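The sequence and structure are shown first.

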Amino acid sequence: MIYRESIATARGCLIAGCLLWTMATATAAPTDGTTELTPSPAEVIPTPAEAQAPARVQGPAQSQAQAQAQAQAQAQPQAPDVANAVVKVFSTMRYPDVVRPWSKQQPSEVSGSGVVIDGKRILTNAHVVLYASQVQVQANQAGDKIAATVEAIAPGIDLAVLKLEDESFFDSHAPIKRAQEVPEIKDAVLAYGFPTGGTSLSITKGIVSRIEFTPYGLSVSGLRIQIDAAINPGNSGGPAVAGDKMIGLAFSALNNAQNIGYIIPNEEIDLFLQAIAAGHYDGKPALYDELQTLENPALRSFLKLDNSIHGIVVRRPYPGEGANPLKEWDVITQIADAPVDDQGMIHIQGDLRVSFRYLVQKVAKNGTVPLIIVRAGQPLKVAPRIASGRPNLIPELKGDYPPYFIYGPVVFSKATAQFINVVSQNGDMVRVLSAIGSPLITLRGDMPSAEREELVVISSPFFPNKLSRGYANPFSTVVYSLNGTRVRSLKHLVALLRDLKDEFVVIRCEHRGGETLVFPRKEMVAATEDILNDNGVRAQGSPEVLAVWSGKSAN
């Protein structure tokens, strides 16, 4: 199944960015490479301005033609200095603490890179400024830092735009031009940024080695360029330049590999900038149907397809909003005017071969994408609806802080991908959760439904209190029901507790071998305030949850 295999590949191989979350600790560990590789003395990398400067011919023997050519070259307008457009980004992070959701992790100082773009803005990676309580930028060879704010951010595609408090900065720092075309394989590229190992601007040299349409995360895919220039911690958000034009933004490197870095190409950047120019960014248009290749001869025979038909097979149509014209066993043979091969690939820009999903973002119109399929041997034109994201039962936080509610000594929260990341830090814990059939493992990747909008977990050990005496540590327990009513979401759980009049609160877990927790209701309510005070917790719940709880009546 292509969709799930792609997710596994993205999880297992790509360490996204220099500052991706390491939620189990108070600081974020950089993960986009190793240490800075300084060019050897024999390899002097010229700046684009130096590369374009005409050579000087010494002595009186310089010919009139050479002098004329030099004068013409000098008279031509010079491209903006790339180094002058690159900035260092300093962020003070307050990451969420998913195990103690009423608090945040301790502040941590991180840095990355950015580049000046049109509109008096700075472009950088989302993970450089996500959860930042303070952002500052510093120009190359400058001593002062300028305060900045995050104007727009898209964690899925890992892009963010910053605005500066002092816009006079841009009077002396012009944006560099962005190339309109995807580069060619083997094109020379320079990666600019401020990686660890020094304080000055670093420039590494390489070539474009691969271009693919691939997952950036669980639900976002995009075009991605692989280069062999060194990309290290701190490079994230810096421009990659071919000639005198930016071709993309550095954002990650492959772990345990040498000189394999990735950049977000201008095409993806332009889609993001166009969306925020309209006032909002809802995500990238995409098809989320589950597909499989048509390479197996038995599968082709089963579908009664002759060798002239090529395409990708619909395994499970996406059950999104509205009717989906795609059905199981349909074969997608064409998207717009591009034929699809048996691996679901198309050809673009000469010999470049990418997933057919790449064209969705280019040919989608009025919320649909034109396809030609073969169903029961007959070709049909269909226009399935596209979506800007695939909802997940266990979602990403995407810059938010986890919701929570404290009731007596029990802390309830919503299961998120970040919470599972913390649990996954302990290999033994993962094996235990797998053995007992925890929904944190078995339902990972499922979509929400009307019966279950999200998973509610007990996210922390009990607060010290006599009410929990005799019970085991409930950390990571998924709540199935409250006094016999199946729990749909955290807000639903809080509403049930608010309206409960029974003598006892009965919390049933959803895995094998777990305990059913029984507490005296009135004592739980009475003990909550003291527990909050004893443990320095400011609020019983997050604002959206307390809005539900506030309707409680005395009983």
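How many bridges join strand E15 (residues 312–316) to E16? Two bridges join these strands, which run antiparallel; two strands count as paired if DSSP finds at least two bridges between them. Helices (H or I, at least four residues) and strands (E, at least two) are DSSP runs, numbered from the N terminus. The model is predicted: local features need pLDDT of at least 70, side-chain atom pairs count only at pLDDT 80 or more, and totals for chains, interfaces and linings use all residues. Residues are numbered from 1 along each chain as its sequence is written, and side-chain values use heavy atoms, with hydrogens and water left out.

Strand E16 (residues 331–335) is largely enclosed by the rest of the structure, because four of its five residues are buried (under 20% relative accessible area, with exposed over 50% and partly exposed in between; 1.4 Å probe, protein chains only).

| Partner of E16 | Bridges |
|---|---|
| E15 (residues 312–316) | two bridges |
| E20 (residues 371–375) | four bridges |
| E17 (residues 338–339) | two bridges |

Val331 in E16 stands opposite Val313, and the bridge partner of Val331 in E20 is Val374. Gln334 has Pro339 as its bridge partner in E17. The hairpin of E16 and E17 has two residues between the strands, and Ala336 there takes a positive phi near 55 degrees.

**Barrel and nonpolar cores**

Six strands close into a barrel in the order E2-E3-E4-E7-E6-E5, with antiparallel pairing. Within it, strand E4 (residues 121–124) and E7 pair over three bridges, and Thr124 has Ala160 as its bridge partner in E7.

A nonpolar core is a set of buried Ala, Val, Leu, Ile, Met, Phe, Trp, Tyr and Cys residues joined through side-chain atoms within 4.5 Å. The largest such core has 46 residues, of which Leu123 and Phe169 touch the most other members. Strand E7 (residues 159–164) supplies the largest share of this core, five residues. A second, separate core of 39 residues includes Ala250, Ala338, Val354 and Ile386.

**Helix H13**

Helix H13 (residues 521–534) has 14 residues. Its buried residues are Arg521, Met524, Ala527, Thr528, Ile531 and Leu532. These buried residues pack against strands E22 (404–407), E23 (410–414), E27 (504–509) and E28 (517–520), where contact means heavy atoms within 4.5 Å. H13 is followed by Gly536, whose phi is positive, near 65 degrees.

Terms used
Expected span 1.5 Å × (residues − 1).
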